[in-house]
Amino acid sequence: MDVALGFLSAAAPVSGPSTLRTGAVSSTFAGVRVTPAASSRAARLPVASADMVKAVVAGVDIPVGSASEGEEGINQGLLETRQDCIAVAIVAHVDHGKTTLVDALLGEAKVFRENETVQERVMDSNDLERERGITILAKNLAVNYKGTNVQLVDTPGHGDFSAEVERVLNMVDGVLLVVDAVEGPKPQTRFVLKKAIEMGLRVAVVVNKIDRPMSRPEYVVDHTFDLFVDLGASDEQADFKIVYASALKRVSGHSPDDLRPGLAAVFDVLLSLPRPQVRPSGPLQLMVSNVDYDDFKGRLGLGRITSGTLSQSEVVVVTHPDKEPRRVKVNELFRFDNLGRASVESATAGDIVMFSGIDEFDIGDTLCSPDAPLPLPPIAVEEPTVRMTFSVNTSQFAGQEGKFVTSRNIRDRLQKELERNVALRVEDQVETPDSFTVCGRGALHLTILIETMRREGYEFMVGPPTVIFKEGADGGKEEPFEFVEIEVPEEYMGAVIDMLARRKGEMVDMTAANSQGLSKVSYNVPTRGLLGVKNALLTATRGTMVMNALFAGYRPFAGDLEAKENGSLLAYESGKVTAYGMEGAQDRGRLLVNPGQEVAKNQIVGVHQRAGDLSINVVKLKQLTNHRSANKGIDKGINGVLEFSLDDSIEYLGQDEIVEVTPLSVRMHKVVQPKRGKRQ
């Protein structure tokens, strides 16, 4: 495919603060005609005019010519292969053992002392990651193994955080794909592998958890190869190397029957991946792939140098094809050293570095030499599919538990999140200035943000998650669909099929029960149909269901869904919950509150056993006399109450309900429209 970018002409050297010009070039990119603005307007910066630029956006090689006619060409330097370093991303489906494998690789590289106490999943440093047992943020480290600087990137496995994978794949030389020896490739395996193949990266496969009793390595390898072929891998990519390992037991080998202590076999396969092709003598190019913050050094940028060298106290230009260039100065420069970072005087092409001293930059910006401001193609990730409304807390408990409660506090925090969360979108609502529309990859993606803000002291309200519709090519309405894979005991398969069918799901595949008695069914389901379905499926399958979902694209609108089967129990009036009031109300459904808890009018205090909402009085006091005490006559007892977490509360919400989030509490409320006054 012959593609060229309209902003790929070479620039004249910067002779002042930022004086740039471009040639009269126009071309087609991704089906859109791009024509440069008139010369009187601020010109776009030229994008790197190397012989071959890896386009992160489309995942294809885009041939780029040299300097435009009539302009002075820029020396790009010679393309060289660095043999002393390699950068590899470790990707997999959730819970296939990526982070545990990183722990084992650190042990094999002798990062820790023999008598040192090392915590489990050392790369999951975030509190939420440890509590949930998943990786949320991509993290970097570097170890020295047999004279090679191995730069590793641990990535998330959940589909809602796939943007973390997309933005780090542009700074690695290869991918280590971890696959469970029993489960084989899963939906998220397909996503990350697809992105790696589109970018032309070579992949090595690690069949992990080979020590499991039901492991089937031949089946897993065959299905992994079929996945490579299905995703359009080249012959070189499909000829991947395989290593078998148990990261937990610290054994590995090139054959499932020949496992030896240590992870040397994994390192051997890792080091066989292609080394970086860089231009050390060319002009500086470093794309910012992540943003961090240090209390003493301020904002920190992370990226990989693809051309030239970068030194401490060097003056560079922050560039982007759609922004004006800015001259800045790099204060300190760091390289990753084991689990930490070490200050260095300079770094060259092929190194993943972190820098400080620059206050204003975003993910996707490129640090360039002032003499050759050639920005790289910016990072582009898939668009969000789910949105929620964040607003100021207006309940009667507002301001009692939170530290940051105003709309300005919430707006500033959301804008700060945009700096590093490339898959997030935030819009101000015109009708209600104290509300914001926040769009993300899924309900879990936004729930993690809500939980993080809650722990930081923010207090606000959140509306129910809704999907983002768009107009199709034929003018019709389209909605996001997800590919859902469910494993469940055979006796519960009927309940699963019935529930997904009522939510407009289309069956793709169904397999018979395996040796463990688990059957597998695959569906294409509207994202709307998956909102709130997880708890219902767990209840219907007695907690035995395992569900994995992956965004499958936009399709025509599937039609209206059925209403919720159960309504809500609402507090009739504000006050303190009493045992007497709960005893009389618990026959109406399952309660969510405990005696002594403060509730507000129209707060959701339980789940109704029937459809429709019902107001109940859980704050009712027993009338006392000289002959009756407060506890006399209570012989029925109080049933156990439901305990809803933040995830459960957001999943439960209906279209006219809202959840109040504070550092100490999570409360759900019914949004009641004010009644119109009577005519006088």
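**Figure 1. Lys146, an exposed loop residue.** Lys146 counts as exposed because its relative accessible area is 64%. Exposed means over 50% relative accessible area, buried under 20%, and partly exposed in between (1.4 Å probe, protein chains only). Lys146 belongs to the loop that joins strand E7 (139-145) and strand E8 (148-154). Helices (H or I, at least four residues) and strands (E, at least two) are DSSP runs, numbered from the N terminus. Phi of Lys146 is positive, near 55°, in a residue other than glycine. The model is predicted: local features need pLDDT of at least 70, side-chain atom pairs count only at pLDDT 80 or more, and totals for chains, interfaces and linings use all residues. Residues are numbered from 1 along each chain as its sequence is written, and side-chain values use heavy atoms, with hydrogens and water left out.

**Figure 2. Arg542, in the loop between H12 and strand E34 (546-556).** Arg542 is not a glycine, yet has a positive phi of about 55°. With a relative accessible area of 61%, Arg542 is exposed.

**Figure 3. The protein as a whole.** The secondary structure comes to 14 helices and 42 strands. Of the 680 residues, 52% are buried. Take contacts between residues at least 6 apart in sequence: 71% of them join residues at least 24 apart. Contact means heavy atoms within 4.5 Å.

Figure 4. H4 has 12 residues and reaches 17 Å from its first C-alpha to its last, close to the 16 Å expected at 1.5 Å a residue. The expected span is 1.5 Å times one less than the number of residues. H4 is mostly covered, with 9 of its 12 residues buried. The buried set is Pro187, Gln188, Thr189, Phe191, Val192, Leu193, Lys195, Ala196 and Ile197. Just after H4, Gly200 has a positive phi of about 75°.

**Figure 5. Thr224 in helix H5 (residues 217-230).** Thr224 has 1% relative accessibility, so it counts as buried. Leaving aside neighbours within four places in sequence, Thr224 is in contact with Leu177, Val179, Pro185, Val205 and Phe240. Arg190 is 34 residues from Thr224 along the chain, and their C-alpha atoms are separated by 9.3 Å.

**Figure 6. Helix H7 (residues 264-271), largely enclosed by the rest of the structure.** Of its 8 residues, 6 are buried. They are Ala265, Val266, Phe267, Val269, Leu270 and Leu271. An α-helix has 3.6 residues a turn, so residues three or four places apart point the same way.

**Figure 7. Ser346 in strand E22 (residues 346-348).** Ser346 counts as partly exposed because its relative accessibility is 41%. Not counting residues up to four places away in sequence, Ser346 touches Leu310, Ser311 and Leu333. Ser346 and Phe334 are 12 residues apart in sequence and 8.6 Å apart in space, C-alpha to C-alpha.

**Figure 8. Charges over rings, and an aromatic pair.** The charged end of Arg341 sits over the ring of Phe334, 5.4 Å from its centre. The charged end of Arg555 sits over the ring of Phe481, 5.6 Å from its centre. A charge sits over a ring if NZ of Lys or CZ of Arg is within 6 Å of the ring centre and within 35 degrees of the ring normal. The structure also holds 8 aromatic pairs. One of them is tilted: Phe355 and Phe361, at 5.5 Å centre to centre and 50° between the planes. Rings of Phe, Tyr and Trp (its six-membered ring) pair if their centres lie within 6.5 Å; planes under 30 degrees apart count as stacked, over 60 as edge-to-face and the rest as tilted. Both Phe355 and Phe361 are buried.

**Figure 9. Helix H9 (residues 443-455), mostly covered.** At 1.5 Å a residue, its 13 residues should span 18 Å, and the end C-alpha atoms are 18 Å apart, which agrees. In H9, 10 of the 13 residues are buried. Among them are Leu444, His445, Glu451 and Arg454.
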